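Here are my notes on the model you sent over. Have it open as you read, and take the points one by one.

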Amino acid sequence: MSKVRLATVWLDGCSGCHMSFLDMDERLVELAEQVEVVYSPLVDPKRFPESVDVTLVEGAVSSVEDMEKIRHIRARTKILIALGDCAVTANVPAMRNPYSVDDVMRRAYNENATLQPQTPNQVVPALLAKARPVHTVVKVDVYVPGCPPSADTIYYVLTELLQGRTPDLTDKSRFGA
Amino acid sequence: MKDRQQVLSRTKTLKIDGHDVSGREDETILDVARENGIFIPTLCQLDGLSAHGGCRLCLVEVKGSSKLLPACVTHVAEGMEVVTNSERLIEYRRMIMELIFSEGNHVCAVCVVNGHCELQSLAQRIGMTHVTVPYLYPRRVVDASHERYALDRNRCILCTRCVRVCDEIEGAHTWDVSGRGIEARIVTDLNQPWGQSETCTSCGKCVNVCPTGALFEKGKAVAEMSKKRAFLPYLTLMREKRSK
């Protein structure tokens, strides 16, 4: 039997959800027998492959780059999972949302900078007007709240999917976790 | 004999979700449901305070009524047939919770009451894994002018527990609601900073009845604050006895 092709992606988040993924510890070895990680900040490939069975998305959609990435990923993924509060609700990245992007940039790069205060105008992708939950941009198949979702929760989600079931998260995780 | 008749007339029998239950005529549907272990979600209701009927989470179906009725303010009646868990009610509750979450800035991950919050735990209990309506991201003002406590309006759901406990139990009436609709917010005195309030006794009752992290003790970090509410029913009971 061919392995399930799994990807993980890190948008506007703190990497905590990926840390929680790694916290599955020895269960990762067990998962590796059934799953191949084809794209992730944790593995080498730099391009998102053409066909992926399951993608775990950490983080909110906050920049033009995030927006391009998530659309690209959605088109190549069968089951897209919003992993963690930033992907599900936009969470902490959305705390800038009551303010304008100009105000936010000024605060970060000018008011709080002591050396050469200046707003970046290249390399750093432009921010969207609002940090957005993933499901407001593309279709999400499974929502896994939690900040971060525990390793047990992530393991439960993946093993349920491997068994061909849709995971029911209602009593497994909560916002904030 | 007369006493017995009085007791009987004051006892009402009814059905909740098909179960035969009974309660005193001065009890609400919510009281009787809880006595019988039937779950009806609430946020604004708190034992020891007057009923407010504001959060609408306790809406139930009552046979013969075309309207949904709030269980916390609807008294039981003889022969009443109540439904608390129809698909329609489950959908409405979820909708109400989503609207509450979308209307404020409820970021559980960085909240002092993370893990001890009634809004957070109720969202989990009713199975709200995400919010389908657009978030409003309002810009709301934090008041940290009080020496010991702070108010983060971003996390306020306008349950008015603070308003009621301050008025009904502490007798100070420092808190009230200002504005209407989406502009509504809680204020101290005549919309002065809390720290400058002349009526506030700094008793902290408002902080402890608040279901979310809107009112909290200063110096608490994320997830460090839990609310102590057990004092309230005792306090109310003792006062009722004294006044008799």
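1. Start with strand β5(A), which pairs with strand β7 (residues 142-144) of chain A in the parallel sense, over three bridges. Pairing here needs at least two bridges found by DSSP between the strands. Within this pair, I81(A) stands opposite V142(A) in β7(A). Helices (H or I, at least four residues) and strands (E, at least two) are DSSP runs, numbered from the N terminus.

2. A quick word on what you're looking at: this is a predicted model, where local features need pLDDT of at least 70, side-chain atom pairs count only at pLDDT 80 or more, and totals for chains, interfaces and linings use all residues. Residues are numbered from 1 along each chain as its sequence is written, while chains are lettered from A and ligands numbered from 1 in the order in which they are written.

3. β5(A) has another partner to look at: strand β3 (residues 52-58) of chain A pairs with it in the parallel sense, over six bridges. Here V54(A) stands opposite I79(A) of β5(A).

4. Why is β5(A) largely enclosed by the rest of the structure? Because five of the seven residues in this strand (residues 77-83) are buried. Buried means 20 or more other C-beta atoms within 10 Å of a residue's own, exposed means 12 or fewer, and partly exposed is in between; C-beta atoms are placed from the backbone.

5. Over in chain B, helix α5 (residues 161-170) has buried residues too, including C162(B), V163(B) and V165(B).

6. On confidence, the predictor gives the complex an ipTM of 0.92 and a pTM of 0.93.
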